[in-house]
Structures are given as C-alpha cells and as structure tokens.
Amino acid sequence: MRVLVQGAPFDFGAEAAAFSAAAGGAGAVVTFTGLVRDLSGRLQAMEIEHYPGMTERAIAAIASEAVERWRLVDALVIHRYGRLGPGEPIMMVATAAAHRAEAFAAAEFLMDYLKSRAPFWKKEVTADGADWVAAKDADEAALRRW
C-alpha cells in the first residue's frame, strides 16, 4: 500500500502500469484520476493546502481500512497540493483485488473519503478573487453509505 501527498504532477499511465505490474494475485485493478474542474468557466487555479504528516497518516489509515475491509491485494492513493490549473490531475486512486466488485467498492470508498474527510483545504481562484470550497451535502451523503 502506498500513500503519496505531493506538490509535483504524477504520470497516471506510469503509476497505473507500475501498480498493475506489482499487483500479483489480483484478478482486477481499478484506477481513478480526479481532475481540477472549472464548473464556472472562470477558474484560474485551485490552491490546495494540508498539514504535512497529519494528512498522510489520515489517508494511510483509511487506505488500510479499505485493504482490510475488501481484502485488497494492494492500494495506491496519490493526492496533490499547491496551485493547480483547470484540467490538471489532482488525485489518483488504484485498488487491486481478487475480484472486480471488491476493487470497485474499495476505490469508491477511498474516493468518497478523499472528497469529504481527507484533511485538505481547497481555495478556488478567479479573476474576482479567491473563495474557500465548502463541503457539499452530496459528498457527505456519498460517504454515509459506507
């Protein structure tokens, strides 16, 4: 299991290939990459802050829970911080399991956790200024299903 919190971009293809190659015994690998969205058409950047050490520990704890709960062969979580532009990759989740149902469920669980509970603070920057991104009811509802 690997958890990376980094400012630098990541290469999705290389990460997915390395993860799949190392997932011995898996019958399914699920990957997901989240991108910075510009829903308003005005976004210049997304600024993401975190507390080093605390953030990695929190994500590692939930990834460990996913590994145990769905009997995963392996899991990978990459999340970026810093200033990101529209369309840039912000995070990646990969899960490997004996069967696809477990790999998909674990990946969704991790994505829902990252969206709602991972200790990141996001600020949207436009030409008009900057605003912190508030939690959304839909994200909380998605997390409650687990």
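This report describes a sheet, an aromatic cluster and a surface patch in a predicted model.

## The open sheet

Four strands form an open sheet in the order S5-S3-S7-S8, and their pairing is antiparallel. Strand S5 (82-84) and S8 are the edge strands, each pairing on one side only. From one strand to the next, the twist averages 25°.

Three bridges join strand S3 (residues 45-50) to S5 in the antiparallel sense. Within S5, Gly82 is the bridge partner of Ile48.

## The aromatic cluster

The whole structure contains four aromatic pairs. One of them is formed by Trp70 and Trp146, which is edge-to-face because the planes of the rings stand at 85°, with the centres 5.6 Å apart. This pair links distant parts of the chain, 76 residues apart: Trp70 belongs to the loop between helix H2 (54-69) and strand S4 (74-80), and Trp146 to the segment after helix H4 (137-144).

The rings of Phe109 and Trp146 also form an edge-to-face pair, with centres 5.8 Å apart and planes at 85°. Here too distant parts of the chain are linked, since Phe109 lies in helix H3 (residues 100-116) and Trp146 in the segment after H4, 37 residues apart. Together, Trp70, Phe109 and Trp146 make up one aromatic cluster. Phe109 is buried, at 4% relative accessibility, and Trp70 is buried at 12%, whereas Trp146 is partly exposed, with a relative accessible area of 25%.

## The surface patch

A nonpolar patch on the surface consists of Tyr51, Met54, Trp121 and Trp132, which together have about 460 Å² of accessible area.

Definitions and conventions:
Residues are numbered from 1 along each chain as its sequence is written. This is a predicted model: local features need pLDDT of at least 70, side-chain atom pairs count only at pLDDT 80 or more; totals for chains, interfaces and linings use all residues. Side-chain values use heavy atoms; hydrogens and water are left out. Patches are made of residues with over 30% relative accessible area and no salt bridge: like charges are joined within 9 Å, nonpolar side chains (Val, Leu, Ile, Met, Phe, Trp, Tyr) within 5 Å. Accessible areas come from the Shrake-Rupley method with a 1.4 Å probe; for residues, only the protein chains shown count as cover. A salt bridge is a side-chain nitrogen of Lys or Arg within 4 Å of a carboxyl oxygen of Asp or Glu. Two strands pair if DSSP finds at least two bridges between them. Helices (H or I, at least four residues) and strands (E, at least two) are DSSP runs, numbered from the N terminus. Axes are lines fitted to C-alpha atoms, for helices over the stretch in contact, and angles run from 0 to 180 degrees between N-to-C directions. Rings of Phe, Tyr and Trp (its six-membered ring) pair if their centres lie within 6.5 Å; planes under 30 degrees apart count as stacked, over 60 as edge-to-face and the rest as tilted. Buried means under 20% relative accessible area, exposed over 50%, partly exposed in between (1.4 Å probe, protein chains only).
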